[in-house]
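Colleague: Hi! Could you walk me through this one? I'm new to reading structures.

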Amino acid sequence: MDIVLFFIRSYKNQKSGTDGDRAMAAQPIVVFPPGGWRGIPSGVRDWLEELAAKRKLLAFANDAPNGIESLGLEQLNTVEWGSVAAIVMHPAWVHIVVPLKPHCLIAMLPGPESNEEELWSKCRAWLCAYATLVVAGTEAFYLEQCFRRGSVFLMDGMDETSDLFARQAVEWHSDGFESDMLIRLQQRHRANWRNELLRKQELELAAGSKPSGFADGLFFHSVYRYLTGEPEYARQHLLASFEQMLHEGRRDTLQNVYRFLSAIELEQGHVHDAVRTYGYTAQGETEWRNAEQLSGWLAAGKRELAKAQLYRLNDDYRKAAALLEPLADDPEARALLAATYITMGRLDSALLLGNDGLRKSAGDRRQWQRLQGTALLLKGKRHEAIHCFLAAGEHRQEELNGMIDLAVMDGVARELTRGDKEAD
Amino acid sequence: MASGLGKGGRKITGNKLTAIMQVRNEAGRYLEAALADLSGFVDEIVIVDDGSTDDTPELAASFGKVVKLVRNKDSLFHKEWLLREQLWRAAEETSPDWLLAVDADEFYEDCAKAAMRELINQDDYDTVSFRMYDFWDSVTHYREDDWWNLHQRPMMTLVRYLPGFHYAYPKRAHHATRLPFTYNALPGLDTDLRIKHYGWAGSAEERRAKYDRYMKLDPQGQWGNLGHYASILDPNPRLIRWQERERRDG
């Protein structure tokens, strides 16, 4: 731990010398809490209160403690947003915070709840896409975001050193320093932490006990090795996880676990193997069509398109987008890229691609209008956004969902400032 | 869709059926009948002979459909999973489409043999399970009681070979699964088609010898159940007459 702290400090000193004008000192931080100040998880709350001793801290909370300036929603226009870092702790803030264009937008969110409403999933995706830094509260959410964007950190309270990297990244980022080096350090540290945990569990297993979470740990470790660019290790751990889950009688291992082998095979340059592996795991009409399409693209020499689609099917939207962006002149690639951007929450990027891929049918046209509406809302053009939502619902009542969602988001955001009542 | 290929690139026509079998000193028992029977409905047979000291390898090699016969000089009997892996690798080298894992004392009922092509030329499932009946003291009756009821559960013996799939056997010295357990993840079909197992159909002396062998190999019941072993010597087992059937019931 001490070594890590020393390393971080000396690296920052070094960066201060090289980043020059880009770095700014001790920017104010504005917190958008998940239900008043008391709604913030205690560990994070303690850290923020410590931070208030070093820099100005404001919060849209009616119960902020001494040393932290309490703001109400009516004071939104009193903040100099171009020179503050906003820490956003609930997806329902998205339509309020994003249009403000803060100097830094840090999404610090817990993982999605198991039965979460679709609206919050969408808001979470948009918020994370527009954020300049994401701090995830669970490992699953962290890995999901790593597959969608860069500048993602994990702060789940499971490992002190790992959390330290995340907290440090928030401070550096707020002050205008790059935190890429910390991302690599945290990923490598987390991979090693997982590895040590697995070794202990292997010893328990050899001694005849059944360590809980062993199979899932193997899978997570495989994903870390994939992220750190070690596909052979990723493969070994994935197959070990697959075997262990079968020993435990787990269901759906083919789709949920084994399929990821196809992404690893792509990383190893084995595109035909990867497509074949996906085919083995395909279930149901949609997936069989996907498998057929992948084979067809390979046969037609559209190798990059097949790779991009296969990354998408493994939820690695970031790699898919990187492959598709240079191919965007091709209609198939453009449609795939638009769909990828929408899943990633990058609405502006999707709209920039043009609408020919999305406006073929009436249903797609309405989807297009809703997307436009949401993108306008996130730009702060509320009236234009409402116009789009109304146009989408012109012929069908259920298409007015955009309006209903907006009303819900407004209501929840108001509740989120209150420490005496948690938002639903 | 490419010609002859179905869901996920699975071959739906012209699939080759390969029987795989590991043997050891089977010459004087059911091997010849089993190979003759298999030759009637499979395309190829792959055999690993695990250090036989009788004429088993020569007998096996005399069948035209035996396309690969691997002979172990030293037996791998005490590391059964290695033997299973060896047989699997030998079969892989023959580019199979479907593999039928058979023991030298097992016989598929006629309607199962008749259904075999229909079972393999499809793209809905990758494994097929049958019902294994333990014949007892004769080839006319099978045993059914608390210890002997294997036929009440499906048993996977027929699998599609998927090149590049991850195949793994549990590292068991004895009673290792006859097929890679990773097949359990793939879609399968349970049938009521039957297999006749003649391994216990011989004399009481033969069964006693088997019991003695099990107790010597596994005296603590590490790989099997001691109660199951003891039931081999049951003087009055419940036996049921086998009824042949013309066609599949269900």
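Colleague: In β4(A), which residue is the bridge partner of A:Ile29?
Modeller: That would be A:Ala85. Keep in mind that this is a predicted model.

Colleague: Are the faces of β4(A) covered or open?
Modeller: Both faces are covered. On one side A:Ala85 and A:Ile87 are buried, and on the other A:Ala86 and A:Val88 are buried too.

Colleague: How come neighbours end up on opposite sides?
Modeller: Side chains in a regular strand alternate between the two faces of the sheet.

Colleague: OK, and what does A:Ala86 touch?
Modeller: Leaving out residues up to four places away in sequence, its contacts include A:Val30, A:Phe32, A:Val97 and A:Pro102. A:Cys104, A:Leu105 and A:Ile106 are on the list as well. One of these, A:Leu105, is also the bridge partner of A:Ala86 in β5(A).

Colleague: Tell me about β5(A), then. How many of its residues are buried?
Modeller: Six of six, in a strand that covers residues 104–109 of chain A. A:Cys104, A:Ile106 and A:Met108 lie on one side, with A:Leu105, A:Ala107 and A:Leu109 on the other.

Colleague: Which strands does β5(A) pair with?
Modeller: One is strand β4 (residues 85–88) of chain A, which runs parallel to β5(A) and is joined to it by four bridges. Another is strand β6 (residues 133–136) of chain A, again parallel and with four bridges. There, A:Leu109 stands opposite A:Ala136. With helix α4 (residues 118–130) of chain A, β5(A) and β6(A) make a right-handed β-α-β unit.

Colleague: Which residues have the most contacts inside the largest nonpolar core?
Modeller: That core has 128 residues, and the leading ones are A:Ala59, A:Ala86, A:Ile87, A:Val88, A:Ile106, A:Ala107 and A:Val135. Its largest share, nine residues, comes from helix α8 (residues 214–227) of chain A. Apart from it lies another core of 46 residues, with B:Leu38, B:Leu100, B:Ala104 and B:Ala112 among them.

Colleague: Quick one: how many helices and strands are in chain A?
Modeller: Chain A has 20 helices and seven strands. It contains 424 residues, and 44% of them count as buried.

Colleague: Switching to chain B: in what order do the strands of its eight-stranded sheet come?
Modeller: The order is β3-β2-β1-β4-β8-β6-β9-β5, in an open sheet with mixed pairing. β3 (66–72) and β5 (106–108) of chain B each have a single partner strand, so one side of each has no neighbour in the sheet. From one strand to the next, the twist averages 30°.

Conventions:
Residues numbered from 1 in each chain as written. Chains lettered and ligands numbered in written order. Predicted model: local features only at pLDDT ≥ 70, side-chain atom pairs only at ≥ 80, totals over all residues. Pairing = 2+ DSSP bridges. Helix = DSSP H or I, 4+ residues; strand = E, 2+ residues; numbered from the N terminus. Axes fitted to C-alpha atoms, helices over the stretch in contact; angles between N-to-C directions. Core = buried A, V, L, I, M, F, W, Y, C linked by C-beta atoms within 7 Å. Buried ≥ 20, exposed ≤ 12 C-beta atoms within 10 Å, placed from the backbone. Contact = placed C-beta atoms within 7 Å. Right-handed = clockwise from strand over helix to strand, strands pointing away.
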